[in-house]
Amino acid sequence: MALVQRLHSIRLNTLPIRFLSEQAKLREAWNPNPSFDPKVMTHFLDDQNHDLHARMREFLSTDKFFVPEYDIPLADEREIALQRLKQLCDNKFISVHFFSTNPTAVFAAHENASIVDGAMATKMTVQFNLFGGTVLKLGTGRHKEILDGIDSLTNIGCFGLSELGYGNNAVEMETTATYDAETDEFVINTPSVKGQKYWITNGAIHANYMVVFAQLYTGGVNNGIHGVLVRIRDDEGNTMPGLTIHDMGIKMGLNGIDNAKISFDNVRVPRENLLNKESEVHEGGEYTTKISGNNRARFLKVADQLLSGRICIASMSQGASKACMAIALRYSATRLTAGPTGKSDFPILGYQLQQHALIPLLAKTYIYDIALKGIQAMYAKFTVPDRDIYTVSHREIVMMCCAIKAITGWHINTAATIGRERCGGQGFLAANRFGPAIAGSHSSMTAEGDNSVLMMKVAMEYIADMMAKMKPGKNPGAAIKLMSVQYTPGVLLRKGKSGSGRDIEYIRNILDIREKLLFLQVAQKMRVSTKDKVAARAARFEKWSEQEQDSVQAAGRAYSEKLISDICHEKIGLADPSIQPILKKLYNLYLVTVLQENISFFLTNNLITRKGAASLRDDFDTLVKEIAPESLVLADGFGITEEMLSAPIARDWELYNSYDNAGR
């Protein structure tokens with residue numbers, strides 16, 4: 001606590017006094033008469049949990065302990081991340097029990113936390129989603145004592161799934177949990193170096209418990225992967241016998257996270273430590289399970305918390321993207337350079353170069369956020385008992401979670417990188433926040449599922465669903481309609497339209513056709529002639545993994561972009577009338593950008609004419625020009641305060657440079 005008090009004191013004594021600076025006046029002058037109230041926009045974007053968002057933003061803005069710190073010792077950085085999370089817990093902003101009542105509140109907490117400290121937010125997602133959520137959903141009454149200590153951080157946990165040699169193929173992990181009938185215990189072992197639990201957040205210093213995923217053996221039979229609670233440290237922080245914990249050290253960013261690699265050598269835990277809601281090992285060694293299917297099916301069930309984890313990461317990515325966009329736009333409106341007279345009296349945000357770089361990213365940030373909120377709501381309705389259920393299947397929820405995590409993860413990398421570039425040298429200063437965002441984006445792109453692998457998962461699930469619907473006698477009308485897309489001339493599919501970037505229904509239609517065509521092409525390429533099951537499997541693997549990945553990735557993207565478009569189209573139509581005009585422009589710009597990024601597909605499949613393709617540039621230019629004057633108000637619509645942004649270039653950067661700030 002001495003460190004916490006010292007940082008409070010430092011920040012309170014050195015923060016400069018605020019006043020209406022030249023930069024504030026320039027931001028106001030950018031558009032003195034906006035077309036909408038940013039508070040109405042914030043209410044729309046928040047979607048749910050309005051009180052939680054408001055209280056959390058106020059808290060993060062007034063408690064100076066959440067102001068970012070730079071160039072501090074590794075031990076201090078980790079302690080700060082933990083203590084910040086502790087303050088959020090003490091103020092009841094997050095609870096593991098939200099998963100039983102209102103999962104969208106968990107996602108809201110992640111979004112706001114990520115704006116001020118990505119390391120703290122990552123520790124949050126492991127503590128409350130991966131560790132806590134798994135204990136909540138797979139545990140029973142006998143694990144209540146552990147569960148009760150999660151919200152207070154009395155019991156800090158970690159999630160032992162990934163191994164050094166087994167990331168995306170975790171079902172083949174090496175760690176074993178073998179039942180010993182003589183002692184009524186499980187014996188946990190790490191058979192090899194590749195079997196070490198790897199990249200374990202909270203593991204290097206803070207965690208005292210781990211949910212260890214292991215191959216569960218009873219009577220010499222492998223029953224598949226199950227989760228077992230293991231105490232990894234005692235109350236004094238000492239490593240428990242039989243465990244080896246190695247600190248993974250300095251990373252390229254997010255060093256407030258204490259990552260570890262952990263191995264087990266005959267670590268014994270009581271039989272009751274098995275998370276037994278779905279499967280049980282009874283005294284004496286009898287194994288029973290409620291999960292039908294093989295060991296892979298059991299793995300998917302016990303690792304189901306990765307789904308909500310992907311939404312948590314998407315929420316964190318969006319929090320960071322919003323912050324990056326707000327910082328870049330606020331600075332661009334105040335950084336003056338050569339205007340028509342040759343004097344430095346023209347904001348760089350007025351340059352087409354700056355607008356074409358930032359405004360499309362602003363539009364994507366908005367559109368992804370609207371879609372994410374829709375997916376959050378569908379996930380909540382699907383998973384919370386006794387609530388209305390959306391007419392979506394578990395497979396569709398899986399696809400949505402994979403898609404939005406990947407798309408938002410890629411987006412924060414682009415938003416942070418281009419935002420940094422368009423802010424010039426100022427963007428290179430750590431205090432202006434782009435550097436931490438870039439480092440964090442690389443975690444978003446690979447944690448809890450590499451984004452490209454998630455596109456493969458989307459494609460695999462989509463094709464499985466498509467083939468199931470096309471089985472003989474299942475739904476012949478739907479099968480014929482789907483197959484006909486391949487054989488219908490493009491001019492008929494686009495209903496004779498040449499293609500206009502301002503025709504929303506036309507674009508939505510060809511996005512739908514693109515999705516169907518790409519998946520039909522992938523499905524056909526996966527066909528094999530042999531009836532030998534082993535040979536057929538090998539042939540499909542070769543096609544899928546070694547020959548057709550470009551097609552698979554394109555199909556996954558097509559599904560993701562159409563999903564995002566469909567959700568946004570519906571939600572924007574329900575928005576407050578005062579914000580619909582600007583939202584429709586943002587949506588339109590997003591659609592035009594998707595067409596531009598995939599123009600070769602639409603041209604070669606005759607879904608747009610050459611004339612229509614050529615006109616997209618004019619449509620893009622017009623939309624950017626129409627949105628640019630509203631860009632700062634749109635940034636305000638994110639609801640992020642100056643204190644949460646913290647970046648000097650987003651505030652009074654002239655005052656910041658009037659004293660020796662040491663880059664902090």
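Cysteine 324 is buried in this predicted model, because its relative accessible area is 2% and the cut-off for that label is under 20%. The closest cysteine sulfur to that of cysteine 324 belongs to cysteine 423 and lies 9.3 Å away, which is too far for a bond, since a disulfide calls for two cysteine sulfur atoms within 2.5 Å. By this rule the model has 0 disulfides. Cysteine 312, likewise in no disulfide, has as its nearest cysteine sulfur that of cysteine 401, at 9.9 Å, and cysteine 312 is buried, with a relative accessible area of 0%.

Lysine 197 lies in strand β4, which spans residues 197-200, and is buried, with a relative accessible area of 0%. Its side chain reaches the backbone oxygen of leucine 161 at 3.4 Å. Beyond its neighbours within four places in sequence, lysine 197 is in contact with residues including Gly160, Leu161, Ser162 and Glu163, as well as Val212, Phe213 and Phe264.

Turning to the whole chain, the protein has 26 helices and 13 strands, and its radius of gyration of 26 Å is close to the 26 Å that the globule rule gives for 664 residues, so the chain is as compact as a globular protein of that length. Of the 664 residues, 57% count as buried, and 75% of the contacts with a separation of 6 or more are between residues 24 or more positions apart. The accessible surface comes to about 27,800 Å², of which 53% belongs to carbon and sulfur atoms.

Note on methods: Residues numbered from 1 in each chain as written. Predicted model: local features only at pLDDT ≥ 70, side-chain atom pairs only at ≥ 80, totals over all residues. Heavy atoms only, no water. Helix = DSSP H or I, 4+ residues; strand = E, 2+ residues; numbered from the N terminus. Buried < 20%, exposed > 50% of the residue type's maximum accessible area, 1.4 Å probe, protein only. Polar contact = N/O pair within 3.5 Å; in protein donor to acceptor, adjacent residues only side chain to side chain. Contact = heavy atoms within 4.5 Å. Rg over C-alpha atoms; globule rule 2.2 N^0.38 Å. Areas by Shrake-Rupley, 256 points an atom, 1.4 Å probe, with all protein chains shown as cover.
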